[in-house]
Amino acid sequence: MRIGGGGKPEAGFVRGLLIALGVGVFLAVSGAFVGGAPSVGHRLLYWLPLMVAGGVWGHVCSRLIDRLLDFDERPWVSVGVLSVVMAVPFSVVVWAVTGPVFGQPVYPLRALPGFLIPVLLVTVALTLINVFVARQAVQTHAPAEGAAARPVRFLDRLPPKLRGANIHAVESEDHYLRIHTDRGSDLILMRLSDALSELEGLEGAQTHRSWWVARDAVRDVARGEGRATFTLDGGVEVPVSRRYAKALRDAGWY
């Protein structure tokens, strides 16, 4: 499943598949939903392919939902919508394969509704696990006092007019990044997920799925309607999503 905060989309996809496989092993060993299966090995042959297929389907669905809903601001609504969108069609897959896997004919069509609730329960569990695993904001750190400073790789990507400037924030705009500095702003072609690793060496954090902010650039914090907004040097205002708010508060940002 794709849901998650920072990090590369590919990493989120792999993480989602690993979580799905882990849940599949648990379901097979516990005998949940198919306790009458002859052996753990047989149940593994049933659950693991289904969980991999479900993970791929979840990744596709989450990409679609991510375009329609602001997951950072409405995570529970998004989890609910995503779970239903995933579970309804995937129930048909589970209905179609369950009988043959256990040596029986395909279940009659009237049995299909009985598969929806178990599939929905597993889907909700997987979605919530993925949400909480990927809930923390990505933070970058300056070298510890006395430690040798490592080059900040992201600085090499600055356009010529911004070379030597202090970075205040990095904002995602489609496939581009807008770099906000004390010398103005400019665009480069790059994904925020890739930039986050290259910003290591600067003290900052992801405040929203589309923003990374340098800590020393924050000049004011405004709160309202359940969310916060940072005002940076130069007057740029940056949203702090509910998804990352607690991690930033715990880190002493506000």
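**Close-up views of a predicted model**

Of the 254 residues in the protein chain, 41% count as buried (buried means under 20% relative accessible area, exposed over 50%, and partly exposed in between, with a 1.4 Å probe and protein chains only). This is a predicted model, in which local features need pLDDT of at least 70 and side-chain atom pairs count only at pLDDT 80 or more, while totals for chains, interfaces and linings use all residues. Residues are numbered from 1 along each chain as its sequence is written, and side-chain values use heavy atoms, with hydrogens and water left out.

**View 1. Overall content of the protein chain.** Six helices and nine strands make up the secondary structure of the protein chain (DSSP runs numbered from the N terminus: helices are H or I with at least four residues, strands are E with at least two). Of the contacts between residues at least 6 apart in sequence, 57% join residues at least 24 apart (contact means heavy atoms within 4.5 Å).

**View 2. The open sheet β7-β8-β9.** Three strands, in the order β7-β8-β9, form an open sheet with antiparallel pairing (two strands pair if DSSP finds at least two bridges between them). β7 (218-224) and β9 (237-240) each have a single partner strand and stand at the edges, so one side of each lacks a neighbour in the sheet. From one strand to the next the twist averages 25° (axes are lines fitted to C-alpha atoms, for helices over the stretch in contact, and angles between N-to-C directions run from 0 to 180 degrees). β7 and β8 are joined by six bridges, and aspartate 220 stands opposite threonine 231 in β8.

View 3. Four bridges join β8 (residues 227-232) to the antiparallel β9. Alanine 228 is placed opposite valine 240 in β9, and threonine 229 opposite proline 239 in β9. In a regular strand the side chains alternate between the two faces of the sheet. The hairpin of β8 and β9 has four residues between the strands, and its glycine 234 takes a positive phi near 90°.

**View 4. Helix α6 and the glycine after it.** Arg243, Tyr244, Ala245, Ala247 and Leu248 are the buried residues of α6 (residues 242-250). Glycine 252 follows α6 and has a positive phi, near 85°.

**View 5. Serine 83 in helix α3.** Serine 83 belongs to α3 (residues 75-101) and is buried, with a relative accessible area of 2%. Leaving out residues up to four places away in sequence, serine 83 touches Leu120, Thr123, Val124 and Thr127.

**View 6. The second largest pocket.** The volume of the second largest pocket is about 340 Å³ (on a 1 Å grid over the protein atoms alone, a pocket is an open set of points with protein on both sides within 12 Å along at least five of seven lines, and lining residues have an atom within 4 Å of a point; grid points are joined across faces, edges and corners, and a volume is the space filled by probe spheres set on the points). Its lining has 20 residues, of which Trp47, Val94, Pro118, Val119 and Val122 lie nearest the centre. α2 (40-68), α3 and α4 (113-133) are the elements that give two or more residues to this lining. The lining residues divide into 15 nonpolar, five polar and no charged (Ala, Val, Leu, Ile, Met, Phe, Trp, Tyr, Cys and Pro count as nonpolar, Asp, Glu, Lys and Arg as charged, and the others, Gly among them, as polar).

Methods. On a 1 Å grid over the protein atoms alone, a cavity is a set of points where a 1.4 Å probe fits but cannot get out, and a pocket is an open set with protein on both sides within 12 Å along at least five of seven lines; lining residues have an atom within 4 Å of a point.
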